[in-house]
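Subject: Handover of a structure

Hello,

Here is the structure you will be taking over. My notes on it follow below.

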Amino acid sequence: MRSVWKGHIRFSMVTIPIRLYNAVDSSGSSIRFNQLHREDNGRIGYDKKCKSCGDALSNKEIVKGYEYGPDEYVIVDDDDFQKLKLKSTKVIEIEGFVEADEIHQTLYDTPYFAGPDGDVAVKVYGLLSEALKASGKMGVGKVVMRDREDMVMIGHDSGGLMIYKVRYPQFIRKMDDVPNLDQSEVSADELKLAQSLVESMTTTLEEIELKDTYHEAVKEMIHAKIEGKEVVTAAEEVKPVVDIMAALKESIEQAKAVKKPMAKATAEKGEAAGKKAAGTKKAMAKKKPAVNAKAKTKAKAKAKVKKVA
C-alpha cells in the first residue's frame, strides 16, 4: 500500500510520525470512456492554447496566476506554496478531543488509514489508538493535502487509527433550505403502518447485498457490444402512489412473504445440523458396546490362562 502523505500527529508534547494511506480503493470502481470523433472514431485531443497568441503550450510553459483585477494577475509557483508557514503542511496538530456523536454525518468526507512511520513510532501510535478506543472520543485537527487545508477527525478503528477528512461546518447547507418540507402532513394511521413496514424490513447490514450493480451492468453491456450483440432492456414502469395506506399494507405483506422463506431456510439449516449432531452421537453410542465386547473377550482369555496355570 502506497502512502499519500507523510508527517506527524501531535497532541500537547507528544509527537507521532505517521503515514496516510487511502482507505478507499477507487481503481476498479469506475469504467473509463474515451471521447471519439463520430465520423472516423478518432480520439479527441485537447490542446492547451494561449488565448492571447494562439500558441499550443506544454505543461512547462504554464504557470498559476490569481486574477486580482480585470486581466491583472499575480503569478504563484511551487516555491511560494512551500514558503507558507502553516504547521498543518507536515503536522496534524490535535486541537482537542470531542465525543464521536458530536460530528454530524454530513461533515464526513474522505477516510484514510494512518499507520506508524517506522519502529520508533509504534508504541506511542498504539498508545493513542488505545486511548481513543477506551474514551470513545475523536481528535480534531487540520492537515494540508493537495494545496488545501482540511479539517480532520482522528479515531480508533480495528486496532489502528483512522483519519477522516471532514467538511467545514460553514459549507454545509441546512435541511431547512429544502423546498416543500413544511407541506408534508402524516396521519397517525399512516405513521403506524409506515413503522410496521420499517419493522418488517429490519435486517442487518451483512444480509444486504452491498454491490455496485450498475458497474457490472455497464461491463456486461460493453462485452455484449464487443461480441456484436444488441443490448435491449425493457424500461421499468414507475407508477405514482395514489393510495398511501393501500401501498403500505401491500408493502408490509410483501416484506413478510420475503422473510418467511428466509426463516424457513434458517430453521431447516438448524434442523439439519441438529440431526447431524444426533446421528454422530448415535454412531458413537453404537461403537461403545463393540469396545466393551472386545474388553470382555480379553478378560475371558486371561481367565483361561489362569485356569491352565
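**Overview and confidence**

The chain holds 5 helices and 10 strands. Please keep in mind that this is a predicted model. Of the 309 residues in the chain, 17% are buried. Among contacts between residues at least 6 apart in sequence, 62% join residues at least 24 apart.

The mean pLDDT of the chain is 80, and 78% of the residues score at least 70. Confidence is highest in strand E10 (residues 160–166), with a mean of 95, and lowest in helix H5 (residues 244–308), with a mean of 57. Where pLDDT is low, the predicted coordinates should not be read in detail.

**The sheet**

An open sheet is formed by 8 strands, in the order E5-E1-E2-E7-E10-E9-E8-E6, with mixed pairing. At its edges are strand E5 (91–93) and strand E6 (96–99), each of which pairs on one side only. From one strand to the next the twist averages 40°.

Strand E8 (residues 137–145) pairs with strand E9 (residues 148–157) in the antiparallel sense, over 7 bridges. Within this pair, Gly-139 has Ile-154 of E9 as its bridge partner.

E9 also pairs with E10, again antiparallel and over 7 bridges. Here Met-151 stands opposite Val-166 in E10. The hairpin of E9 and E10 has 2 residues between the strands, and Ser-158 in this hairpin takes a positive phi near 50°.

E10 pairs with E7 as well, in the antiparallel sense and over 6 bridges. The bridge partner of Tyr-112 in E10 is Ile-163.

**Strand E10 and Lys-165**

E10 is mostly covered, as 6 of its 7 residues are buried. Lys-165 has its place in this strand. Is Lys-165 buried or exposed? Lys-165 counts as buried because its relative accessibility is 12%, under the 20% cut-off. Leaving aside neighbours within four places in sequence, Lys-165 is in contact with Leu-107, Tyr-108, Asp-109, Thr-110, Tyr-112, Arg-146, Asp-150, Met-151 and Val-152.

**Nonpolar cores**

The largest nonpolar core has 19 residues, and those with the most contacts inside it are Ile-9, Ile-18, Ile-92, Ile-154, Leu-161 and Ile-163. At least two residues of this core come from each of strand E1 (3–11), strand E2 (14–22), strand E7 (108–116), helix H2 (122–135), E8, E9 and E10. Another core, of 8 residues, lies apart from the largest one, and among its members are Met-151, Met-153, Val-166 and Tyr-168.

**Cysteines**

How many disulfides does the count come to? The count is 0. Cys-50 is in no disulfide, and the nearest cysteine sulfur, that of Cys-53, is 3.7 Å away. Cys-53 is likewise in no disulfide, with the sulfur of Cys-50 as its nearest cysteine sulfur. The cut-off for a disulfide is 2.5 Å between the sulfur atoms. Cys-50 is partly exposed, with a relative accessible area of 24%.

Regards

Definitions and conventions:
Residues are numbered from 1 along each chain as its sequence is written. This is a predicted model: local features need pLDDT of at least 70, side-chain atom pairs count only at pLDDT 80 or more; totals for chains, interfaces and linings use all residues. Side-chain values use heavy atoms; hydrogens and water are left out. pLDDT is the predictor's confidence in each residue, from 0 to 100. Helices (H or I, at least four residues) and strands (E, at least two) are DSSP runs, numbered from the N terminus. Two strands pair if DSSP finds at least two bridges between them. Axes are lines fitted to C-alpha atoms, for helices over the stretch in contact, and angles run from 0 to 180 degrees between N-to-C directions. A nonpolar core is a set of buried Ala, Val, Leu, Ile, Met, Phe, Trp, Tyr and Cys residues joined through side-chain atoms within 4.5 Å. Buried means under 20% relative accessible area, exposed over 50%, partly exposed in between (1.4 Å probe, protein chains only). Contact means heavy atoms within 4.5 Å.
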